[in-house]
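Hello,

Here is the structure I promised to pass on to you. Please have a look at it first, and then read on for what turned up in it.

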Amino acid sequence: MLRTFRLLMLTLLAGVLLGACQEQKEHIAPAIREQDSVPMMTSYGVNALISDSGVIKYRIVTEQWDLNPNVDPPRSSFEKGIFLIQFDEKFHVQSYIQCDTAYNYDRKKLWELRGRVRILTKDGLQYTSEQLYWDEARHELYSHVFSRLVTPDRTLQGSYFRSDEKMTHYYVSNSKGTFEKSDFDDSEKNGKNDSSVVQPPMRPMQQPQRRTDQ
């Protein structure tokens, strides 16, 4: 019995020594190497006025604001939605803008709005889409996806939208909806019979260019 006990102890001791001699493995998570994935600053519960050259341009209300200068191009991200109030030079409200996600490319002066984009102007115009670009440098809004406009006297919807920043002069292509008879009368006077395009009077603007910014 004593001999059996000694053999058992020697076997256990050998197992312990063998395990101690084996190479130990560290169980650690991989390091974060992509700087692009880490915002430099994150703010929560934001309600702020934004100005440019001393002029207040809009109010931002958002649950989360991520600032990341490491991406190319640098941008601010609003992954949990944003509500914007746009002002004119005299601090009068021009429009209300909201969407599920927004990106602001500050160096390009470009906003990209995604997911349930909604705009309501002081004149009662309502705009809805799933994606909209706001070019602050050119003072233009444009979209390459389905868009819908509802004004006090007409409804327009189409696959391409372009407008000035104040939403007073706009263009919708491949449109359908309800129109005033004067829309077609004006087109006939101007020698235009294409009913797929309805274009209210517009001041001269640059031709639309498709952007690939993401």
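**Salt bridges and what they join**

Asp 100 and Arg 116 form a salt bridge, with their closest N and O atoms 3.0 Å apart. This pair links distant parts of the chain: Asp 100 sits in the loop between β5 (93-99) and β6 (101-105), while Arg 116 belongs to strand β7 (residues 110-121), 16 residues apart. Asp 100 is partly exposed, at a relative accessible area of 29%. Before you go further, please keep in mind that this is a predicted model.

In total, the structure holds five salt bridges. Another of them pairs Glu 136 with Lys 57, and here the closest N and O atoms are 3.0 Å apart. Glu 136 lies in the loop between β8 (126-135) and β9 (140-143) and Lys 57 in strand β2 (residues 55-68), so this bridge ties together parts that are 79 residues apart in sequence. Glu 136 is buried, because its relative accessible area is 10% and buried means under 20%.

Arg 154 and Asp 153 also form a salt bridge, with 3.6 Å between the closest N and O atoms. Are the two partners buried or exposed, or something in between? Arg 154 counts as buried at 14% relative accessibility, whereas Asp 153, at 41%, counts as partly exposed.

**The nonpolar cores**

Which residues have the most contacts inside the largest nonpolar core? They are Trp 111, Tyr 127 and Phe 161, and the core has 25 residues. At least two residues of this core come from each of β2, β4 (82-87), β5, β7, β8 and β13 (170-173). Strand β7 gives the most, with four residues.

Another core lies apart from the largest one; it has seven residues, among them Leu 110, Tyr 142, Tyr 160 and Tyr 171.

- Phe 87 lies in strand β4 and counts as buried, at 11% relative accessibility. Phe 87 and Tyr 58 are 29 residues apart in sequence, yet 5.5 Å apart in space from C-alpha to C-alpha. Beyond residues up to four places away in sequence, the contacts of Phe 87 include Leu 49, Ile 56, Tyr 58 and His 92.
- Thr 101 is found in strand β6, and at 16% relative accessibility Thr 101 counts as buried. Setting aside residues up to four places away in sequence, Thr 101 touches Phe 78, Glu 79, Gly 81, Glu 112, Leu 113 and Arg 114.
- Tyr 96 lies in strand β5 and is partly exposed, with a relative accessible area of 34%. Together with Val 93 and Leu 120, Tyr 96 makes a nonpolar surface patch of about 220 Å².

The protein chain has a mean pLDDT of 77, and 64% of its residues reach 70 or more. Over residues 186-214 the pLDDT is below 50, although this stretch has 50 contacts in the model beyond near neighbours in sequence. Where pLDDT is low, the predicted coordinates should not be read in detail.

Methods. Residues are numbered from 1 along each chain as its sequence is written. This is a predicted model: local features need pLDDT of at least 70, side-chain atom pairs count only at pLDDT 80 or more; totals for chains, interfaces and linings use all residues. Side-chain values use heavy atoms; hydrogens and water are left out. A salt bridge is a side-chain nitrogen of Lys or Arg within 4 Å of a carboxyl oxygen of Asp or Glu. Buried means under 20% relative accessible area, exposed over 50%, partly exposed in between (1.4 Å probe, protein chains only). A nonpolar core is a set of buried Ala, Val, Leu, Ile, Met, Phe, Trp, Tyr and Cys residues joined through side-chain atoms within 4.5 Å. Contact means heavy atoms within 4.5 Å. pLDDT is the predictor's confidence in each residue, from 0 to 100. Patches are made of residues with over 30% relative accessible area and no salt bridge: like charges are joined within 9 Å, nonpolar side chains (Val, Leu, Ile, Met, Phe, Trp, Tyr) within 5 Å. Accessible areas come from the Shrake-Rupley method with a 1.4 Å probe; for residues, only the protein chains shown count as cover.
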